[in-house]
Amino acid sequence: MHTEPTTFSAEQYFATQPPPPTLQHDVEKVREFLQRQKSEGRAVVLVTSGGTTVPLELNVVRFLDNFSAGTRGATSAEYFLKAGYAVIFMHRQFSLQPFSRHYSHSTNPFLDFLDIEPPQPEDAEPTPRISVTPNKREDLLQVLTAYKTVHAQGTLHTLTFVTVNDYLWLLRAVSQEMAVLSRKAMFYLAAAVSDFFLPRQKMSEHKIQSGKGSLHIEMDQVPKILKPLVSEWTPGGYIVSFKLETDPQLLIPKARQALERYGHQVVIGNDLHRRKYEVVFVSKKPLPALPPGAVDGVNSRTEESEGQQESGNSADGGKQEELADSFTETWLRIDASETVATPGFPVKEIEEDIVAELVKRHGDWIGDSQSTTSQ
């Protein structure tokens, strides 16, 4: 299969690729959830989690996937809930979820926590009882209590996606609904989203046959959706994206480039091999207040830097140094030895510190808005 590549803007993508069939139903449920949280004064965070697939046929047999199991998203969602946020958890179908993640079928099978007790003489019916293994009860009670509390409060709403197309349509729809929250909306974009896709118009209708020999596929780039998310879908939202790299030297430059290009608040950089123990928060330094009558030139500078990036032209050394001075980096690290504990129940999870830092920053972000309004 060989097709000519196409460049899609976000607008062109949504005009040419069909929405998932459950989109309207999902949007209605999200709207109800957001109205309830808004009336109760809660901040809401959209956590995206897990990987997306790229189907190669309309009647899907073959598809491309990635390794993401949704660990960071599911773990972070728990800590956001503990911090008092309501959470929309938008995750890959069958990936890890908050609370149940502790009992993954591969690392901590739930059935291993259960014992079968023979019936006792005083029992009315001679039926064996199921009980929790004594040395597992404390951990299970902790997780079950948190789970029941969250569901009683109604602060967790889940959505599922499978394909990159599902993800993009859901993200746009949910983001547009979250605009009602203004600065009380946070986006924690931890999903591993495919960079390339095969447009529906170029897909084979049926299973690609193997008898033809080698397979050649020309895929198109997934449109960059951070820009419309920041400027159109949820203006005022606090947006956190992630940057995963295998070359540590690229981590901070790539994060800075993303912030300069899209204008959101934070990029969390993580190296593939140290992501469970170390991350870096990259953000823009706040600009000094302009004197009366001065014109804000931030947008023009951002557009200029975007043009340089898109055209492949690099600024001179002086400009690069000036650009670096406009960013701040904050490293979070934990000792790898602290994470060794009962499978499914690590002593320390770096997501706890990530969420604590973001909750503080988001609170400051909301406070800055309120103080500006009062002035």
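**Aromatic contacts: exercises with worked solutions**

In this predicted model, 14 aromatic pairs are counted, where rings of Phe, Tyr and Trp (its six-membered ring) pair if their centres lie within 6.5 Å, with planes under 30 degrees apart termed stacked, over 60 edge-to-face and the rest tilted. Local features require pLDDT of at least 70 and side-chain atom pairs pLDDT 80 or more, whereas totals for chains, interfaces and linings use all residues. Numbering runs from 1 along each chain as its sequence is written, and side-chain values use heavy atoms, leaving out hydrogens and water.

**Exercise 1.** Characterise the pairing of Phe80 with Tyr188.

*Solution.* Step 1: the ring centres are 5.2 Å apart and the planes make 80°, an edge-to-face pair. Step 2: Phe80 belongs to helix α3 (residues 71-82) and Tyr188 to strand β8 (residues 185-189), so the pair links distant parts of the chain, 108 residues apart; helices (H or I, at least four residues) and strands (E, at least two) are DSSP runs numbered from the N terminus.

**Exercise 2.** Determine how Tyr188 pairs with Phe242.

*Solution.* Step 1: this pair is edge-to-face, at 5.0 Å centre to centre and 80° between the planes. Step 3: Tyr188 counts as buried because its relative accessibility is 0%.

**Exercise 3.** Identify the ring over whose face Arg183 lies.

*Solution.* The ring is that of Trp365, with Arg183 at 3.7 Å from its centre; the criterion is NZ of Lys or CZ of Arg within 6 Å of the ring centre and within 35 degrees of the ring normal.

Methods. Buried means under 20% relative accessible area, exposed over 50%, partly exposed in between (1.4 Å probe, protein chains only).
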